[in-house]
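Me: I would like to go through this model and ask what stands behind its labels. Please set each value against its cut-off.

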Amino acid sequence: MSEHRDRVIATWRAVTVLSWPIVVQQVLNTLMRSVDIVVTGLFSPAAVAAIGLADLYAQIPFRIGRALGTGGIALSSQDTGRGNAKTRDQAVTQALLIGFLVGLPIVIIGLTLSDVLIAILGAESEVVRMGARYLAFVFVAAPLRIVALVGARSLQGTGDTRTPLVVNGLANLFNIIATVGLGLGLVGLPRLGIVGVGLATALSRGFECITILGMIVSDRTELSLRRPRDATVTKQLVAVGFPNFAEGMSTSVANFPFNALLLVFGTEVSAAYHIGRRIYQQLAGPLYRSYSVAARNISALYSVYW
């Protein structure tokens, strides 16, 4: 009985140690999106609706990154527990490469079909115009977004949750400052409106991707890049990540007809919904996402030791 209690206490301590940096990271990440809504709210309800509709499609690279990151976490945690650094680094490198390549077609779609993607939901012309501009920037940065997600979650799989916190925190701080500056034309920057908000997002994703990769190749983390040589790892990444992607996208896809229905009642109704949704995400999102990552790490490590 005493041994079981000690093990439970040790597990809770491990979950807490792993999860608190992720909680902070997720708070900053959702804050970045919240600032986008606040800034665009100063333009018009159409701008808020445009951001909200574009964010529906922005879920696609996010879900891909999380899915590959889930595979990276699983393999990284298990190989770290076994002390097999070579296999772990090959798996992480392969996940990063796959993520980047999968993101390239999204760039092409963003540059050619952004207006169609917003218009198909039934938005009015002004919402389509602004939403297409914002979505183009988001999709152009998709490969960088996916790589950053995979890299961060792979680091978390080694038990290092603080490095992703610092990198993501700096990227989000950069995004917030750039969004306010470029969106509203403050501190001597040009007033670009919704284009500035999208540009800030793209630049911050690039900063996050480069910094995460820099941390991986440096001596500050356990991970390093290693040329993949085993096709079995690809199958494992797909096998672990695809169910996560399918589950996440099933939720995201359900939001499309709902948002199309909201647009029937008007742009202002759509804008009001996205403001309320963002408040909910800001308060609840960081908690369930962080504990999910921590529980997955603990489970993977326990599968090795017990």
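Me: Why is Val 187 called exposed?

Reply: Its relative accessible area is 76%. Exposed means over 50%, buried under 20%, and partly exposed in between, with a 1.4 Å probe and protein chains only. Val 187 is therefore exposed. The model is predicted: local features need pLDDT of at least 70, side-chain atom pairs count only at pLDDT 80 or more, and totals for chains, interfaces and linings use all residues. Numbering starts from 1 along each chain as its sequence is written, and side-chain values use heavy atoms, without hydrogens and water.

Me: What is the phi of Val 187, and where does Val 187 lie?

Reply: Phi is positive, about 45°, although Val 187 is not a glycine. Most residues other than glycine have a negative phi. Val 187 sits in the loop between H6 and H7; helices are DSSP runs (H or I, at least four residues), numbered from the N terminus.

Me: What makes H3 and H5 roughly antiparallel?

Reply: They pack at an angle of about 160°, with axes 7 Å apart. Axes are lines fitted to C-alpha atoms over the stretch in contact, and angles run from 0 to 180 degrees between N-to-C directions. Angles under 35 degrees count as roughly parallel, over 145 as roughly antiparallel, 65 to 115 as roughly perpendicular, the rest as oblique. H3 and H5 are therefore roughly antiparallel.

Me: Which residues make the contact of H3 with H5?

Reply: Among them are Gly 99 and Phe 100 of H3, and Ile 146 and Gly 151 of H5. Contact means heavy atoms within 4.5 Å.

Note on methods:
Helices (H or I, at least four residues) and strands (E, at least two) are DSSP runs, numbered from the N terminus.
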